[in-house]
Amino acid sequence: QRDMDFALKYQLEIKTVVKPFDKDETFKVKDKAYVDGGEIINSRFLNGLKVPEESIIKTINILEERKLGEKKINFRLKDWGVSRQRYWGCPIPIMYDSTGNPHPVPNELLPVKLPENINLDTKGNPLDHVTDWKFIEYKGEKFTRETDTLDTFVDSSWYFLRFCSPNEKDYGYNKDEINYWMPVDQYIGGVEHAILHLLYSRFFMRAIGYKKDDFKFNEPFEGLFTQGMVCHETYKDEKGNWLRPDEVETKDGKKYFVKNKLENVVTVGPSESMSKSKKNTIDPEQIIKNYGADAVRLFILSDSPPEKDIQWSEEGISACYKFIQKLWTLHKNILKKIHSQKQTQADNENLERFTNQFIEKVTSNLEKFRYNVIIANIYEMYNFLSKEIDKKHNVKLLEENYIKILKTIMPFIPHYSSECLNELSINPIEEVNWPKVNKILLESKTVNIVVQINGKKRDVINLQNNISESEVINVVLKNDKLQNFLKGKEIKKKIFIQNRLINLIIGD
């Protein structure tokens with residue numbers, strides 16, 4: 001797509017060379033590149049070959065036959081520059097003698113610690129200027145410490161092994177403990193981590209296990225989930241300098257200016273992942289001060305599936321903030337009912353069934369990383385409780401079910417749910433565990449069945465669960481609303497899906 005954008009911008013000729021399998025040779029790309037599998041076209045001796053499995057092999061064979069190239073395997077992990085010229089980072093335990101030859105720092109001088117109270121306002125690496133740390137003497141000979149520090153990727157490429165043995169003092173990890181804990185069940189990270197950190201971690205595991213029969217792990221992680229990035233529009237002033245969102249204003253939503261300087265026009269660029277270099281970041285402290293951390297969390301989870309990028313929106317986070325206020329109002333109404341003196345023995349089966357279904361849905365969606373669906377479940381919960389609270393309840397059972405719901409939403413809006421639990425005399429730190437589902441209560445006694453006539457939806461009727469086809473038809477035939485469509489008509493065919501749908505095919 002990047003190449004196509006370039007060609008379009010500079011009005012270069014674009015030749016379509018791959019077509020989808022379900023298209024003919026007249027297929028042409030217009031403004032969007034076709035990047036999926038298909039068949040080669042407009043390419044002479046490659047025409048008709050499948051992409052990529054056949055065309056690549058054929059191309060390589062032709063290049064080799066003509067002695068223009070040869071097949072080669074490239075590995076993603078190239079030579080890795082593991083050091084950085086900076087103060088922070090782990091010191092590298094190497095020192096150099098007077099002739100410049102490197103020597104490992106002897107055990108009795110380990111660990112090498114960074115100097116404190118260092119002047120960071122220097123040219124180049126600040127460690128080069130700390131002479132009393134840089135130059136040392138060992139056994140009568142003078143040495144110079146390595147002033148580079150390790151790239152932070154080095155530390156993070158094996159930290160999971162250290163997590164297994166945090167108290168081990170003689171070695172980085174304990175074999176029995178890593179055999180118990182490793183491998184890591186689930187790796188979650190942005191795509192930039194999947195490229196670098198993931199590769200380095202896999203490399204480290206192989207390096208550590210090299211010629212070690214008692215080291216059992218080639219792979220550090222069992223599962224990988226790559227999350228999307230938070231994106232925001234980019235802005236530049238007339239000189240091409242990047243501007244922060246809070247430095248920009250608009251009068252009509254079309255033209256943008258430097259704040260308080262209408263004569264300075266701002267160019268609005270594409271929405272890109274937030275980065276310090278492009279200044280399209282949002283100050284988290286200000287957002288949390290205005291809306292609260294729960295609203296931020298709710299917005300990020302609800303905007304799109306977690307594997308997709310999300311577009312930052314002030315309107316979106318404002319809506320999430322308002323929803324939390326509505327939840328708080330609902331909480332106060334439930335609290336009032338729980339603390340009332342009326343201990344009615346009303347039927348709570350509908351509430352209990354919904355609570356168990358809610359826990360089941362959230363648990364399943366949590367395991368499948370469907371966080372945006374969970375937020376939809378929370379909205380559904382709000383709508384249900386808003387209506388349910390007006391009914392008569394056994395307040396003890398109402399409290400028990402409400403506490404289960406609050407525990408279930410805790411990973412998503414923790415500050416709100418913790419406050420609510422506190423008001424119900426539940427310690428959110430010591431007394432919270434994941435609610436268990438009562439399987440018996442998961443199945444509803446009634447279901448909504450869609451009624452179609454000639455394939456068009458005409459009504460939805462609520463009937464007993466697992467009702468038979470003949471019973472559904474009897475109800476449909478007695479329904480006044482549906483009589484307008486059925487009166488004087490012959491039912492030629494019935495299509496029935498239990499608990500879901502009845503479709504009546506009728507004729508004159």
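Predicted model: local features only at pLDDT ≥ 70, side-chain atom pairs only at ≥ 80, totals over all residues.
Residues are numbered from 1 along each chain as its sequence is written, and side-chain values use heavy atoms, leaving out hydrogens and water.

**The largest pocket**

- The largest pocket holds about 590 Å³ of space.
- On a 1 Å grid over the protein atoms alone, a pocket is an open set of points where a 1.4 Å probe fits, with protein on both sides within 12 Å along at least five of seven lines; lining residues have an atom within 4 Å of a point.
- Its volume is the space filled by probe spheres set on the points, which are joined across faces, edges and corners.
- Of the 21 lining residues, His 232, Pro 245, Ile 282, Trp 312 and Glu 314 lie nearest the centre.
- Strand 12 (230-236), strand 14 (248-250), helix 9 (284-291) and helix 11 (314-338) each give two or more residues to this lining.
- Helices (H or I, at least four residues) and strands (E, at least two) are DSSP runs, numbered from the N terminus.
- Sorted by class, the lining has 7 nonpolar, 6 polar and 8 charged residues.
- Here Ala, Val, Leu, Ile, Met, Phe, Trp, Tyr, Cys and Pro are nonpolar, Asp, Glu, Lys and Arg are charged, and the others, Gly among them, are polar.

**Helices that pack on helix 11**

- Helix 10 (residues 293-303) packs against helix 11 at about 120°, with the axes 8 Å apart.
- That angle makes helix 10 oblique to helix 11 (under 35 degrees is roughly parallel, over 145 roughly antiparallel, 65 to 115 roughly perpendicular, and the rest oblique).
- Axes are lines fitted to C-alpha atoms, for helices over the stretch in contact, and angles run from 0 to 180 degrees between N-to-C directions.
- The axes of helix 9 and helix 11 come within 10 Å and cross at roughly 40°, so this pair is oblique too.

- Most residues other than glycine have a negative phi, and most peptide bonds are trans.
- Val 51 and Pro 52 are joined by a cis peptide bond, with omega about 5°, and Pro 52 sits in the loop between strand 3 (50-51) and helix 2 (55-65).
- Another cis bond runs from Met 182 to Pro 183, with omega near -5°.
- Gln 11 isn't a glycine, yet its phi is positive, near 55°.
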